[in-house]
Amino acid sequence: MRDTEDEDGLRRRVRAGERDAFAELYERYARTVYNHALRLTGDWATAEEVMSETFLAAWRVRQRVEPDGGSLRPWLLGIATHKAHNANRGRGRRLAFLARQPEPRAVADFAQETVGRLDDARRLAAVHAALGRLRRHEREVLVLCVWEGLDYGQAAEALGVKVGTVRSRLSRARARLGRLSEEEAARTEPRRGRGEGTGRAVFAALPVREETR
């Protein structure tokens with residue numbers, strides 16, 4: 001009960017435009033928003049941009065927040081989902097432009113990433129490759145319900161759709177991701193190197209918790 005009252009109090013303060021409330025909102029949810037953006041974009045720098053844009057947009061539309069309703073997490077994740085979609089579209093246009101440009105001269109690469117950082121990047125790329133093959137609406141609902149742990153009602157709030165729509169999209173998304181992850185595992189396993197997890201291990205590690213009501 002106390003947590004609900006605390007969240008409702010934060011809602012009202014955010015709606016009123018209190019800067020201290022926004023600082024608290026950022027402190028509480030910045031990491032959540034960043035992780036959500038990273039899962040949708042597959043790029044650390046883009047995720048940082050999406051996180052910043054999400055909180056800027058939240059400040060601009062703060063008066064749309066209902067004074068009561070509990071956690072602001074679904075609201076923020078809904079904004080972040082939209083921003084991540086726009087970022088992915090923009091990146092696609094940039095990549096298409098670069099693909100039409102002459103290939104640059106080869107230069108010596110003196111940057112040395114740590115093995116752990118490279119392994120993380122490979123795992124993220126493998127997961128994002130499978131997610132990227134889902135339809136946009138399937139990918140968004142999967143990330144919200146499975147990774148972020150939102151229940152159906154919260155995911156529906158974040159996406160602006162009905163609860164039944166969330167249920168059906170999630171069911172399709174999980175079925176398709178299961179098939180795609182098997183394909184991704186088969187593709188990556190033959191090239192597995194030392195210290196690098198297999199494709200199956202990567203996807204087996206994904207959380208599958210789902211809120212049922």
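In the predicted model, helix α2 passes helix α3 in a right-handed crossing. The axes of α2, residues 19-41, and α3, residues 44-60, come within 8 Å and cross at roughly 140 degrees. On the α2 side, the contact is made by Arg19, Phe22, Leu25, Tyr26, Tyr29, Ala30, Val33, Tyr34, Ala37, Leu38 and Thr41. These residues meet Trp44, Thr46, Ala47, Glu48, Val50, Met51, Thr54, Phe55, Ala58 and Trp59 of α3. By residue class, the contact of α2 with α3 divides into 16 nonpolar, three polar and two charged residues.

The two helices belong to a protein chain with nine helices and zero strands. Read along the sequence, the pattern is accordingly α-α-α-α-α-α-α-α-α. The protein chain has 213 residues, of which 39% count as buried. Among contacts between residues at least 6 apart in sequence, 70% join residues at least 24 apart.

Two histidines were examined individually. His36 lies in helix α2 and has a relative accessibility of 0%; it therefore counts as buried, the limit being under 20%. The side chain of His36 makes a polar contact of 2.9 Å with the side chain of Thr81. With residues up to four places away in sequence left out, His36 touches Leu77, Ala80, Thr81, Val143, Leu144 and Glu148. His82 is found in helix α4, which spans residues 73-99. The relative accessible area of His82 is 42%, so this residue is partly exposed, a class that lies between the limits of 20% and 50%. The C-alpha atoms of His82 and Thr54 are 8.9 Å apart in space, while the two residues are 28 apart in sequence. Thr54 is also one of the α3 residues that meet α2.

Side chains of opposite charge can pair when their charged atoms come close. The count for this model comes to 13 salt bridges. Arg13 takes part in salt bridges with Glu18 and with Glu24. In the pair with Glu18, the closest N and O atoms are 3.2 Å apart. Glu18 has a relative accessible area of 36% and is partly exposed, and Arg13, at 27% relative accessibility, also counts as partly exposed. In the pair of Glu24 with Arg13, the closest N and O atoms are 3.0 Å apart. This pair links distant parts of the chain, with Glu24 in helix α2 and Arg13 in helix α1 (residues 2-15), 11 residues apart. Glu24 is partly exposed, with a relative accessible area of 27%. Arg13, Glu18 and Glu24 are included in a network of salt bridges that also links Asp6, Glu7 and Arg28.

A further salt bridge joins the side chains of Arg73 and Glu148, at 3.5 Å from N to O. This pair also links distant parts of the chain: Arg73 is in helix α4, whereas Glu148 is in the loop between α6 (136-147) and α7 (152-159), 75 residues apart. Glu148 has a relative accessibility of 7% and therefore counts as buried, under the limit of 20%.

Terms used. Residues numbered from 1 in each chain as written. Predicted model: local features only at pLDDT ≥ 70, side-chain atom pairs only at ≥ 80, totals over all residues. Heavy atoms only, no water. Axes fitted to C-alpha atoms, helices over the stretch in contact; angles between N-to-C directions. Helix = DSSP H or I, 4+ residues; strand = E, 2+ residues; numbered from the N terminus. Left-handed = near helix turned anticlockwise from the far one by under 90°. Contact = heavy atoms within 4.5 Å. Nonpolar A, V, L, I, M, F, W, Y, C, P; charged D, E, K, R; others polar. Buried < 20%, exposed > 50% of the residue type's maximum accessible area, 1.4 Å probe, protein only. Polar contact = N/O pair within 3.5 Å; in protein donor to acceptor, adjacent residues only side chain to side chain. Salt bridge = Lys/Arg side-chain N within 4 Å of Asp/Glu carboxyl O.
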